[in-house]
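Hi,

Here's the structure I promised to pass along.

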Amino acid sequence: MAAPSLAWRVEETCLNAFPSLRQTIYRDWLLRYSDGFTRRANSINPRSDRIEHLDAGIDACAAMFRRQGLQPIFRIPEIADPALDPALDCLGYAPEGLTLTLFADLADMQSAPDAGAEILERPTREWLDAMGALQGRSARQNATFERICGAIAFPVGFAGLREDGELTALTIGAVHDGLLCFESVVTDERHRGRGHARRLLASLNAWAIAQGARGACLQVEATNEAGGALYDRLGLRKTLYRYHYRRAPAGV
């Protein structure tokens with residue numbers, strides 16, 4: 001079997017860094033279910049750049065999603081079969097959520113431990129509560145997020161930066177196949193613009209290098225200009241590929 005391209009390695013890493021609670025592998029598709037929490041963890045994903053029996057596969061995957069009580073939503077990376085997007089467009093699936101997949105060699109990024117940074121093997125209740133509060137989640141969403149954190153099966157760091165004893169910036173870093181994937185980067189709005197997230201990510205880079213990582217990746221919505229500027233300063237400047245979603249028409 002040929003080695004996967006860098007883009008498909010990054011795609012695999014990002015999926016593994018934020019796993020779904022349940023999944024189905026059906027032919028050329030990966031179906032992810034997580035009680036409706038986030039599009040990415042509740043989406044139908046192509047597994048290759050060429051999909052056999054495309055129309056039948058779309059119908060079968062949509063039916064499986066509906067059996068889970070979920071509205072079908074396909075996630076479409078640019079590296080997947082180019083016939084997928086127009087096929088869904090013809091069926092009335094609406095596009096949304098354009099997202100960039102960024103990549104950099106860790107050697108080209110800021111990497112330095114920070115005295116204010118904590119990197120934990122398992123999230124504490126304080127870390128989980130802070131993450132939920134900063135992202136404005138409901139109690140039900142927090143419970144699902146906690147289960148997703150517990151499902152990460154690779155070396156993972158639950159990172160936080162403290163100032164005056166308070167957690168001001170948080171993120172997750174998971175290492176798979178020599179790649180570090182950042183997830184759930186958030187800063188308390190009272191402390192934004194002071195470099196807290198940059199310090200935390202640079203510290204997580206140093207941790208990941210010790211875990212054997214040589215590259216870093218992250219997925220950010222194209223409309224998130226503040227996040228994009230932060231990742232550019234950190235060294236994540238290469239857009240490896242984009243993806244977007246296609247959501248089934250209401251009532252279908």
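C14 counts as buried, at 2% relative accessibility (buried means under 20% relative accessible area, exposed over 50%, partly exposed in between; 1.4 Å probe, protein chains only). Its sulfur is 3.8 Å from the closest cysteine sulfur, in C181, which is too far for a bond. C90, by contrast, counts as exposed at 70% relative accessibility. C90 is in no disulfide either, with the nearest cysteine sulfur, that of C61, 18 Å away. Taking a disulfide as a pair of cysteine sulfur atoms within 2.5 Å, the count comes to 0.

Bear in mind that this is a predicted model: local features need pLDDT of at least 70 and side-chain atom pairs count only at pLDDT 80 or more, while totals for chains, interfaces and linings use all residues. Residues are numbered from 1 along each chain as its sequence is written, and side-chain values use heavy atoms, with hydrogens and water left out.

Now the cores (sets of buried Ala, Val, Leu, Ile, Met, Phe, Trp, Tyr and Cys residues joined through side-chain atoms within 4.5 Å). The largest has 30 residues, and V10, W127, F145, C149, L170 and I172 touch the most other members. Elements supplying at least two residues each include helix 4 (125-134), helix 5 (139-151) and strand 8 (166-176); helices (H or I, at least four residues) and strands (E, at least two) are DSSP runs numbered from the N terminus. Helix 1 gives the most, with 5 residues. Another core lies apart from this one, with 26 residues, among them A117, L204, A216 and Y231.

Cheers
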